[in-house]
Amino acid sequence: MSEMRFSQSVSARRENGVLVVVIDNPPVNALSAHVRSGLVAALDHAAGLPDIAGLVLSGAGRIFIGGADITEFGKPQAEPALPEVVGRIEAFGKPVVCAVEGAALGGGCEVALACHKRIAGNNAAFGLPEVKLGLVPGAGGTQRLPRLIGTVAAVDLIGTGRTVKAEEAVSLGLADRIAADPLAAAIAAVRDLAGRPLRRTGMLGAAPADAAALDAAQAGIIARSRGQAAPAEAVRLVKAAGGLGLAEGLAEERATFLRLRDSAQSAALRHVFLAERAAGKVERLTGITPRRIETVAIVGTGLMGSGIAVCALAAGYRVIALERTRQAADSGRARIDGLFDKAVQARRLTGEGRDECLARLETTAAPADVAAADLAVEAVFDDLSVKTDLFRELDGIVAPQAILATNTSYLDPDAIAAATADPSRVVGLHFFSPANIMRLVEVVDCAATAPDVLASALAFARRLGKLPVVCGATEGFIGNRVFSAYRREAEFMLEDGALPHQIDAALEAYGFPMGIFAVNDMAGLEIAWARRKRQAATRDPSERYVEIADRLCEAGRLGRKSGLGWYAYPGGVRTVDPAVTAVIEAARAGKTITPRDFTEKEIIDRLLKAMVDEGTVLLAETVAARPGDIDLVMINGYGFPAHKGGPMFAAGKVHA
């Protein structure tokens, strides 16, 4: 029979007495109003036809349903609402089976939960990530999932917003089976279920949960939320499913969803979501094809280089890791092996997967061995002469079309590019440490970078699973420019009367995982100290300069690794140190500054203003293309709380 169309995005065909419904709403088959109305129309159509045994729900392309249409938020609700659609599917008199290829996320997972059976393809993924947008599931997810997989597992999935792949979904009971051809298996399942009692998820009873396991799962989620409201609300709703009837639970869930949807936290997190969609989009790259990258050379296998190598290997690249000596190369190999072993121990990777990755790794001390590289990424000491010498050497080794990328944190990449015969093939790829964990990469568009080189760098970062943010070439790029301004303001407050632990406490109360002085201790104080010494000759003597950090470094207080920094670390425990207070008080006395007390709000206001002022300069200099790019860098690279939206959003410089 020919195709039937129920809306602009929902069509169907008959196959073996089954109505196969296809959702086609690119790019992610979001549950827009026309998708919802099309699904209801398909149900109505099938209900009146005795020769239709039931329905299969499927998604066009490589995804099932990617969630709600976020562009509808803040607008009048178009009927039918998703809870109504989900309820209609679950209550339908004929079997409804979903064939899940790709992702079933958010509302897409809720649609799947309402189906009478769920068939997963090999690449299927299920998740309810609403907490990442400051929300809870709003169409039954908190009530149906615990009835299907148990309360503890549901608390974990909904409270964290994590996604599970097909195999884990089956083991949890979220999916019924995996099939190489899920559509064919779903059609067969409909025919098998026809005329038999249907398993309706909402009618199941939630099994009693182990109290200790439930308390542990809840405590872990609350600890990680750092002031975000949605995870705690999600846990509350999931737990309530065990004691409430479905209708009562759904009403409580919907009321909570609507309340959170209109909250400041959700507005901030939606801003972050949309900023991520926009990140990496560069107008001049429209229609540009990236260069082919198959082999990646990593020069330097310290903490940063080994992390980049792990990412590249995990993404399927062949990697050649270059060191200065055979001994250093062997140490680099051991470091990379160790990172993969940790991934296996943490169950992020199988042993077979580790072995397959390592089979594509070559470590060498012979520069000529990197001749086959399509992309060479340097991760050597952040010294201009070291990096320029290296790039001159690579110039004569790799092919003319190969790309050269610098991972410098602070140096001018244009100066590095100028040392090469062809600056157009040089780009910045500033990874954040540890590179195998941190998601952010600043992709630096240098003055001479060719469009296809920039496009290639973006494609490479995305294949690594990173969040690439494009920025212009300047010392420190977006992140370190803003961080330097923020750190400078924190040090001004030390002279003005605050103490490190007071500033850190204010930041942690605001939602940062660690305060700035604790972060500096963890990173080590010597890198910033070396930079300050390099800048000393050109520093404007009329500008305010705080010498407290210099005094600490001169005293050998270089951070956690030395046991002393802004804090002392007896037994590894961060402790306020009176010796640091004495250094600060001496600095105040030397400038005849009368100290004053600061409230938490004053501390945050001053630090936020410093970030925003520097961000505004970066926008004016076109180093950053959008305020949202600055927010993404500070959230993903420096711990700014995502539920505050980033500094530019928090200060009202961006509208949700």
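Guide: Asn 29 counts as buried, because its relative accessibility is 2% (buried is under 20% relative accessible area, exposed over 50%, and partly exposed in between, with a 1.4 Å probe and protein chains only). The model is predicted, so local features need pLDDT of at least 70 and side-chain atom pairs count only at pLDDT 80 or more, while totals for chains, interfaces and linings use all residues. Residues are numbered from 1 along each chain as its sequence is written, and side-chain values use heavy atoms, with hydrogens and water left out.

The loop that holds Asn 29 runs between β3 and α1 (helices, H or I with at least four residues, and strands, E with at least two, are DSSP runs numbered from the N terminus). Asn 29 is not a glycine, yet its phi is positive, at about 55°. Pro 27 sits in that loop too, between β3 (18-23) and α1 (33-47). The peptide bond leading from Pro 26 into Pro 27 is cis, and its omega is near 5°.

Arg 226 has a positive phi near 45° and is a residue other than glycine. The loop between α8 (211-225) and α9 (229-240) is where Arg 226 is found. With 42% relative accessibility, Arg 226 is classed as partly exposed. A cis peptide bond also joins Ser 433 to Pro 434, with omega near -5°. Pro 434 belongs to the loop between β16 and β17.

Eight strands form an open sheet with mixed pairing, in the order β13-β12-β11-β14-β15-β16-β17-β18 (two strands pair if DSSP finds at least two bridges between them). The edges are β13 (361-364) and β18 (467-472); each has a single partner strand, so one side of each has no neighbour in the sheet. Within the sheet, β11 (residues 295-299) and β14 (residues 375-378) run parallel and are joined by four bridges. Opposite Val 296 stands Leu 375, a residue of β14. Helix α17 (residues 451-463) packs on this sheet and touches β11, β14, β15 (403-406), β16 (426-431), β17 (440-445) and β18 (contact means heavy atoms within 4.5 Å).

Next comes helix α18, which includes Glu 489. At 16% relative accessibility, Glu 489 is classed as buried. Setting aside neighbours within four places in sequence, the contacts of Glu 489 are Arg 606, Leu 607 and Ala 610.

On a 1 Å grid over the protein atoms alone, a pocket is an open set of points with protein on both sides within 12 Å along at least five of seven lines, a cavity is a set where a 1.4 Å probe fits but cannot get out, and lining residues have an atom within 4 Å of a point. The second largest pocket has a volume of about 640 Å³ (the space filled by probe spheres set on the points, which are joined across faces, edges and corners). Its lining has 20 residues, and the closest to the centre are Ser 484, Arg 488, Arg 531, Gln 535 and Arg 539. Both α18 (479-496) and α21 (526-535) supply at least two lining residues of this pocket, and α18 gives the most, with eight. Sorted by class, the lining of the second largest pocket has 12 charged, four polar and four nonpolar residues (Ala, Val, Leu, Ile, Met, Phe, Trp, Tyr, Cys and Pro are nonpolar, Asp, Glu, Lys and Arg charged, and the others, Gly among them, polar).

Two cavities of 30 Å³ or more are found in the whole structure. The largest cavity holds about 50 Å³, and its lining consists of Pro 500, His 501, Trp 566, Tyr 567, Val 576, Asp 577, Val 580 and Thr 581. Helices α19 (500-510) and α23 (578-590) each give at least two residues to that lining. Five of the residues lining the largest cavity are nonpolar, two are polar and one is charged.

The second largest cavity has a volume of about 30 Å³. Around it stand Leu 507, Tyr 510, Phe 512, Ile 604, Leu 607, Leu 608, Met 611 and Phe 640. Two or more of these come from each of α19 and α24 (600-620), with α24 giving the largest share, four residues. The lining of the second largest cavity has eight nonpolar residues, and no polar or charged ones. Leu 607 is among its lining residues and is also one of the contacts of Glu 489.

Terms used. Axes are lines fitted to C-alpha atoms, for helices over the stretch in contact, and angles run from 0 to 180 degrees between N-to-C directions.
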